[in-house]
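Keep the coordinates open while reading.

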Amino acid sequence: MLSISRVNGIKGEIAVPGDKSISHRSIMLAGISEGRSVISGFLMGEDCLSTIGCFRGLGVAIDVTQEEIIVEGRGLMGLREPQDILDAGNSGTTMRLLSGILAGQNFLSVITGDESLRQRPMARIAAPLREMGASIDGRSDGRLAPLAIRGGGLKAIDYKLPVSSAQVKSAVLLAGLYAEGTTRVLEPQPSRDHTERMLKAFGGNIAREANTIIVKSSGLYGQRVEVPGDISSAAFFMVAAAAMPGASLKLNRVGLNPTRTGIIEVLKAMGADITLDNITLSGGEEIGDIIIHGGELQGVAIGRDIIPRLIDEIPVIAVAAALAEGKTTITGAEELKFKESNRIAAVVTELKGLGVDIIELADGMEINGPNTIKGGEVKSYGDHRIAMAMAIAGLFSQKPVIIEDSSCIAISFPEFEAKLKEITV
Ligand code: S3P
C-alpha cells in the first residue's frame, strides 16, 4: 500500500531510470550478436529482469554489475533450446519480441507469463510468425500464453500491421533476421522505432521507405549501448510539475526519440511551460534534459494519430486533464484495453472514485475540469502505470490517495517513491 498526500511544491533536478523498451531490446539484440555487448543505464525493473532471465534460459551468459550489464552474444544461430519454460512475467514486450526471435530457432520453446500477461492478445504475433513458417500453439488456439513455439525455416513476408503496435512490428522484424528473402512491415501510424534504430546500430540490414520497414537476414555484432532515461517514467513527474503553479523541475538525460515525445506535445498544447536542453545522439537515440515550470493547464483533444506516440502516458495525461480547465477528450485509444490492465476502465473507475468528472468512451475517455481531487482508496489492478498515475493525483488531493497493491510499481520504476520524495516539498 502506498499513501500519497498533497504537497506544497515541486522543485529540483533528477534523473529517471533507464528506458524500458530500449533496455529489453539491448539484451535481445546483444544475445543474438557476435561478441560482447556492454549496456549502461539499463533499467533494473522487473520487466527487464524477465528478459534477462529468458535469455539466460536460452544459454546466453549475462553478467549484471552495479554499473553495467555484460552480455556474451551467441550469434544469430547460437541460442540453445531452453531446458524449462521461459517466464516473461508481466512483460508483453518480452513475450512478443522474444517470440519473433524464437520463431527463427530450430528448437522448441515454451513461454509463459503472469496472470495479466496470460490474458493479453498473442494472435497478433502468432499470425504473422505462422505465415513466415513458425509453428506456434497456445491456449485458445494460440491466442493466449503459454505459447509453444517451434521455429526455423522461415520465409520473408510483406506484412501490413492491422494495429499500430511496436511490439508486433518488432516481432516480425526480428523474425525477419532469420527469414529467407526480404521482410517488409507496413505500419499505419508510426510507433516507437527503437528496434529499427538499435538493429542498425548492431550492424543489421534494415531500412525504412515511407511507412515500410525493410529487413534482410544479416549478422549482428556486439556493441556498447547507453540506455537513456525513460520518458514514460519521466511523464509522471512532468505532469506533476506542469500542473503545479510555481513548480520548477529538471529531468536529466531523458530519451527524446520523436516516436515517444507525444506527451511533451500534449502538455505544451495544454499550456505547459516545457523546454528541452542539451540534446545529443547516442546509439541512434536522441537524449536531452526536460525543464518544466508549473502553471494552469487547459483541456485538449487527443486523437488517433498521436496515440501510438504517447500510448503508455495516457493514465497520467488523464490526471493532468482532471486538473486542467475545460474539456479533454482522448479518442482512438482502444489499444489501452489490452495493456497490463484495461487502462480505459481502470483510469475512469479510479479517477471517478477520487471525485473527477470523467466518462468512459468506447475508444478512450472524456474529462471535464478543473476538478477537486478528494482522495481515498484506489486500486492499481496490478498495473504499474495506473499505480503511479494515481500517486500523482495524490499530490493534488484534499485527503491522501491510498494505492492498494502498489508493489507493481517495481515493474518499471523501482525508485519511484524515493524520486518523488526527492522533488516534492
Ligand atoms: C512497447 C510497445 C507498446 C507499449 C509497451 C512497450 C515496446 O506496446 O505500450 O509498453 O517496447 O515495443 P504495443 O506495441 O502493444 O502498442
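In strand β8 (residues 135-138) the side chains alternate. Buried means under 20% relative accessible area, exposed means over 50%, and partly exposed lies in between (1.4 Å probe, protein chains only). Helices (H or I, at least four residues) and strands (E, at least two) are DSSP runs, numbered from the N terminus.

Strand β9 (residues 144-150) runs antiparallel to β8, and four bridges join the two. Strands count as paired if DSSP finds at least two bridges between them. Within this pair, G138 stands opposite L147 in β9.

## Basis of the values

This is a predicted model, with local features needing pLDDT of at least 70, side-chain atom pairs counting only at pLDDT 80 or more, and totals for chains, interfaces and linings using all residues. Residues are numbered from 1 along each chain as its sequence is written, and side-chain values use heavy atoms, with hydrogens and water left out.

## Salt bridges

Side chains of opposite charge can pair when their charged atoms come close. The structure holds 23 salt bridges. Each is a side-chain nitrogen of Lys or Arg within 4 Å of a carboxyl oxygen of Asp or Glu.

One of them joins R260 and D19, at 2.9 Å from N to O. R260 sits in the loop between β15 (248-255) and α9 (262-269), and D19 in the loop between β2 (11-15) and α1 (20-31), so the pair ties together parts that are 241 residues apart in sequence. R260 counts as buried, at 2% relative accessibility. D19 counts as buried too, at 2% relative accessibility.

## Two further pairs

R208 forms a salt bridge with E187, with the closest N and O atoms 2.5 Å apart. The pair links distant parts of the chain, 21 residues apart: R208 is in strand β12 (residues 205-209), E187 in the loop between β11 (182-186) and α7 (194-201). R208 is partly exposed, with a relative accessible area of 40%. E187 is buried, at 2%.

R343 and D312 also meet in a salt bridge, at 3.7 Å from N to O. R343 belongs to helix α11 (residues 343-353), while D312 lies in the loop between β18 (301-302) and α10 (314-323), 31 residues apart. Both R343 and D312 are buried. Salt bridges that share partners join R120, R192, D312, E340, R343 and D383 into one network.

## The cavity

How many cavities of 30 Å³ or more are there? The count comes to one. A cavity is a set of points on a 1 Å grid over the protein atoms alone where a 1.4 Å probe fits but cannot get out; lining residues have an atom within 4 Å of a point. Grid points are joined across faces, edges and corners, and the volume is the space filled by probe spheres set on the points.

The largest cavity holds about 30 Å³ of space. Its lining is D19, I22, H194, P228, I231, G255, N257, R260 and E285. These divide into three nonpolar, three polar and three charged residues. Ala, Val, Leu, Ile, Met, Phe, Trp, Tyr, Cys and Pro count as nonpolar, Asp, Glu, Lys and Arg as charged, and the others, Gly among them, as polar.

## Around I292

I292 lies in strand β17 (residues 285-293). At 0% relative accessibility, I292 counts as buried. Beyond its neighbours within four places in sequence, I292 is in contact (heavy atoms within 4.5 Å) with M238, A241, A242, A247, S248, L249, L251, D273 and I274. I292 and T275 are 17 residues apart in sequence and 6.7 Å apart in space, C-alpha to C-alpha.

Methods: On a 1 Å grid over the protein atoms alone, a cavity is a set of points where a 1.4 Å probe fits but cannot get out, and a pocket is an open set with protein on both sides within 12 Å along at least five of seven lines; lining residues have an atom within 4 Å of a point.
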